[in-house]
Structure formats: structure tokens, C-alpha cells
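Please read it alongside the sequence and the model.

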Amino acid sequence: MDYKAVIFDLDGTLVNTIKDIANSMNRVLKQMNLPNHPIEDYRYFVGAGLKELCRRVLPQEMQNEENVLKFRELFNLDYDKNWHNDTTAYPGIEELLEYLFSQNKTIAILSNKPDKFCKLFVEHFFPEVEFAMVRGNFDNIPAKPHPAGGEYIINALQIKAQDVLFVGDSNIDIQTAINCKFTAIGAEWGFRTKEELEKAGADFIFANPYELLNFLKEK
């Protein structure tokens, strides 16, 4: 397998963010006198963007646009202060990124997380890594699995789709890779299951970043 670039998802792929996301959202729910959710439930609430996360945590009768936008604003205020309390990079990610850079591979990030937070995370957790592009979600651009974000990255960096590996931990990421005609790499170490990644159509699935690193070293 030949490749020139690797595009990573962020949450559940490069960094484990689930506790901070869950804690911020649960604080907002408590503030509004609404029931909290177990942290494990957030593994399935996240992935489709912040608006969808806000919709999923609300009671069904409250899932209108006005409430979703209100909760998004409140979440942003809390998360802005607490996004790095319990968040860490997954073991092996730094070694994986260092190896790719040493091999002159282009590395980028495509996430459904708001773009502002994506850039904060990269500056905080990976200050020495030279990402060619870090792209999060914008209101006026379709979120993954729509191919718009992936196509924007490869067009801007002048890379062909067949030369890209896309690494992510959910069915949304695998579908994004398929829609963009990238090779789909499933990150089993993230928020979802191997079964979900297999069903979505991942080309390869790895239990941890070290497995992916060893696989790439053999290519």
C-alpha cells in the first residue's frame, strides 16, 4: 500500500476527550434542571458535530432548533474553560505522528468538532507537530460524512484521493473515507466498537496506535 498523506479525525482518534465533553454537557443539563447522562453514553452522542450532540442529550420534546442553539452556546461557555481537564492524547499517537513526519508524509486533521476547539487542541497537545492543515466544523459547511471537508483538504494540499489514508474511530469517519475515496482506517481504540467499524466498511482496523504504526512501518 502506497500513500502520501494521512488525515486524522480528532476526538476518539488522536485525543480522548469523552470525560471533558460529558462533564461540560452534564453541567449545562444540571444548570437547566435536566437529567444528566452517564459518561459512557456520550461515546454515541458525539461524532456528528456539536449541534447534533446538543440535540441528542436533550429530552425529545425539547429537541427544537431554539433549544439546540441555546444549549450549544451554554456548552461552549463551559467547555471553553474545561476542555483540557481530563483530555489526553492516546498512548502511541505522538510516536505515530513523529514517524509519519520523519517519512515526509503529509498529515492533517478533519473533525466535526468546532474549528476553534480543533486548533486549540492541536496547539496544546501537539505543539511540535507540523500538521499541513487542521480543519474543524463550520456552520456553513456540511459535516462529515459529507465529503466536502475531505475534498477541501486534498484540493488545498494538491493530493490525490487514492494517496490518502483516513483514520477515524466511528462509522461517520469510515463513511467519510468512502465518500472521499480514501483508504479507510478504523481506530478501534476510540469511542466506538470494532463491529461498528467493520460494518461501516473499514479497509483496515487497528486496536491501538502502535498496531497502526507497525503496519505502516512494514509498508
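Is glutamine 158 buried or exposed? With a relative accessibility of 74%, glutamine 158 counts as exposed. The points below begin with this residue; please bear in mind that the model is predicted.

1. Backbone at glutamine 158. This residue lies in the loop that links α7 and β6 (164-168). Its phi is positive, near 55 degrees, although glutamine 158 is a residue other than glycine. Most residues other than glycine have a negative phi.

2. Backbone at asparagine 104. A positive phi of about 60 degrees also occurs at asparagine 104, which is not a glycine. Asparagine 104 sits in the loop between α5 (93-102) and β4, and its relative accessibility of 69% makes it exposed.

3. A cis peptide bond. Omega is near 15 degrees for the peptide bond from lysine 144 to proline 145, which is cis. Proline 145 belongs to the loop between β5 (133-137) and α7 (148-157). Most peptide bonds are trans.

4. Helix α1. After α1 comes asparagine 33, with a positive phi near 60 degrees.

5. Glutamate 196. This residue is part of helix α9 (residues 194-200). Glutamate 196 counts as buried because its relative accessible area is 15%, under the 20% cut-off. Its side chain reaches the backbone nitrogen of asparagine 171 at 2.8 Å. Leaving aside residues up to four places away in sequence, glutamate 196 touches Tyr44, Ser170 and Asn171.

6. Cysteines. Zero disulfides are found in a search of the whole structure. For cysteine 54, the nearest cysteine sulfur is that of cysteine 118, 15 Å away. Cysteine 180 is likewise in no disulfide, and the nearest cysteine sulfur, again that of cysteine 118, is 16 Å away. Because a disulfide requires two cysteine sulfur atoms within 2.5 Å, neither cysteine 54 nor cysteine 180 takes part in one. Both residues are buried: the relative accessible area of cysteine 54 is 0%, and cysteine 180 has a relative accessibility of 5%.

Note on methods
Residues are numbered from 1 along each chain as its sequence is written. This is a predicted model: local features need pLDDT of at least 70, side-chain atom pairs count only at pLDDT 80 or more; totals for chains, interfaces and linings use all residues. Side-chain values use heavy atoms; hydrogens and water are left out. Buried means under 20% relative accessible area, exposed over 50%, partly exposed in between (1.4 Å probe, protein chains only). Helices (H or I, at least four residues) and strands (E, at least two) are DSSP runs, numbered from the N terminus. A polar contact is a pair of N or O atoms within 3.5 Å; within protein, one must be able to donate a hydrogen and the other to accept it, and residues adjacent in sequence count only if both atoms are side-chain atoms. Contact means heavy atoms within 4.5 Å.
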